Amino acid sequence: MAYALVTGASGGIGLELARELAKRKIDLLLIARSSSRLEEICKEFRATYSIKAEYLSVDLSLPDAVTQIENWIATNSFAVNILVNNAGYGIWGRVDATSKESLNNMMQLNMIVVTNLCHVLIPELKKHPQSYILNVASTAAYQAVPTLATYAATKAFVLLFTRGLRLELQNTSISVTCLSPGATSTNFIDRAGMEALKEKAEKFSMKAEEVAKIGIEGMFNKKAEILPGFVNWISVQLTYLVPKFIPEKIAAGLYK
Ligand SMILES: NC(=O)c1ccc[n+]([C@@H]2O[C@H](COP(=O)([O-])OP(=O)(O)OC[C@H]3O[C@@H](n4cnc5c(N)ncnc54)[C@H](OP(=O)(O)O)[C@@H]3O)[C@@H](O)[C@H]2O)c1
């Protein structure tokens, strides 16, 4: 049986996306940095869902990360028919108050790794009668967000890249989907340095389990874009209906 490869599977939305796949008896290749966490998750999934689960601990922001994954797949002759590009993070703060290195690491993970993993795995995915790519963007992909300016721009990249790739691959066996969550209860807020906004965010947050269930169902239903939850859906529709400065002003107030 072919595997699903999930990045950022040690916690948050990625862990729950992996669990949704495990529930469907799909074997898993899990990627993140925390090897002890990945080992525990693989053990749990093997025992609970009777699937095969393997992991690779790698820092995806390092330049040779995708080559490491490529070599790991080749050495073990893993067949892969699902790719979930979930790993990603935000950095809260003004561009001129953030180091160039921090911004570059985030852009590397959020954009370059997503693109390169698709590039490297498309030939393998094409070998299978039905394959899927699920790239995780954000509702921030649909509008500019001051204090999350670079993060929002990386997610706009993921959204447009995914839609373009979907069309390029429409006559192949690969279906390509973009999942754009809104606020979701995970480690995201802490990693982004947005602790001050935690209480506010929790009020609107969806559970990672809910987002993952909707995401995996949408991927198997071959949707182009998935906006989980009514509040997220309506807020994105509004960005198409009103002048751009209105949602930008609202975001500026929300993320202050
Ligand atoms: N939570 C939200 O509100 C929200 C909203 C919209 C979109 N998203 C998107 O959803 C995706 C998942 O985020 P999340 O909320 O689940 O965040 P999270 O709880 O912080 O999980 C992030 C995952 O990515 C992994 N990761 C982070 N940096 C990595 C690196 N350099 N190399 C390898 N793995 C790395 C983490 O594992 P290790 O720490 O073990 O490496 C973890 O498994 C991201 O793309 C995020 O932008 C989240």
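In strand β2, Thr7 has Ile31 as its bridge partner. That pairing belongs to a predicted model. The sheet behind it is open, has seven strands and pairs in parallel. Its strand order is β3-β2-β1-β4-β5-β6-β9.

**Sheet edges**

- β3 (53-57) and β9 (225-226) stand at the edges of the sheet.
- Each edge strand has a single partner strand, so one of its sides has no neighbour in the sheet.

**Strand β1 and its two partners**

- Strand β1 covers residues 3-7.
- β1 is joined to strand β2 (residues 27-32) by five bridges, and the two run parallel.
- Tyr3 stands opposite Asp27 in β2.
- β1 also pairs with β4, again in the parallel sense, over four bridges.
- Ala4 faces Ile82 of β4 across that pairing.

**Strand β2**

- β2 is mostly covered, with six of its six residues buried.
- Cover comes on both faces of β2.
- Asp27, Leu29 and Ile31 are buried on one side.
- Leu28, Leu30 and Ala32 are buried on the other.
- β2 and β3 run parallel and are joined by five bridges.
- Leu30 stands opposite Tyr55 in β3.

**Strand β4**

- Strand β4 spans residues 80-85, and five of its six residues are buried.
- β4 is therefore largely enclosed by the rest of the structure.
- β4 runs parallel to strand β5 (residues 131-136), with four bridges between them.
- Asn85 has Asn135 in β5 as its bridge partner.

**Crossovers between strands**

- β1, helix α1 (residues 12-23) and β2 form a right-handed β-α-β unit.
- β2, helix α2 (residues 35-49) and β3 form a right-handed β-α-β unit.
- β4, helix α4 (residues 100-126) and β5 form a right-handed β-α-β unit.

**Helices α4 and α5**

- A pair of packed helices is described by the angle and the distance between the two axes.
- The axes of α4 and helix α5 (residues 149-168) come within 10 Å.
- These axes cross at roughly 10°, and angles under 35 degrees count as roughly parallel.
- α4 and α5 are therefore roughly parallel to each other.
- On the α4 side, the contact is made by Leu103, Met106, Met107, Asn110, Met111, Val114, Thr115 and Cys118.
- On the α5 side, the contact is made by Thr150, Tyr151, Thr154, Lys155, Phe157, Val158, Phe161 and Leu165.
- By class, the contact of α4 with α5 has eleven nonpolar, four polar and one charged residues.

- α8 lies across β5, β6 (174-179) and β9.
- α8 runs at about 150° to β6.
- Ile214 lies in helix α8, which covers residues 208-220.
- Is Ile214 buried, exposed or partly exposed? Ile214 is partly exposed, because 19 other C-beta atoms lie within 10 Å, whereas a buried residue needs 20 or more.
- Leaving aside neighbours within four places in sequence, Ile214 is in contact with Ile226 and Pro228.
- Ile214 and Ala224 are ten residues apart in sequence.
- In space, Ile214 and Ala224 are 13 Å apart, C-alpha to C-alpha.

- Most residues other than glycine have a negative phi.
- Lys25 has a positive phi of about 65°, although it is not a glycine.
- Where is Lys25 found? Lys25 sits in the loop between α1 and β2.
- Lys25 is exposed, because 10 other C-beta atoms lie within 10 Å and the cut-off for exposed is 12 or fewer.
- Lys222 also has a positive phi, near 60°, and is a residue other than glycine.
- Lys222 lies in the loop between α8 and β9.
- Lys222 is exposed, with 12 other C-beta atoms within 10 Å.

How values were computed:
Residues are numbered from 1 along each chain as its sequence is written. This is a predicted model: local features need pLDDT of at least 70, side-chain atom pairs count only at pLDDT 80 or more; totals for chains, interfaces and linings use all residues. Two residues are in contact if their C-beta atoms, placed from the backbone, lie within 7 Å. Two strands pair if DSSP finds at least two bridges between them. A crossover is right-handed if, with the strands pointing away from the viewer, the path from the first strand over the helix to the second runs clockwise. Axes are lines fitted to C-alpha atoms, for helices over the stretch in contact, and angles run from 0 to 180 degrees between N-to-C directions. Angles under 35 degrees count as roughly parallel, over 145 as roughly antiparallel, 65 to 115 as roughly perpendicular and the rest as oblique. Ala, Val, Leu, Ile, Met, Phe, Trp, Tyr, Cys and Pro count as nonpolar, Asp, Glu, Lys and Arg as charged, and the others, Gly among them, as polar.
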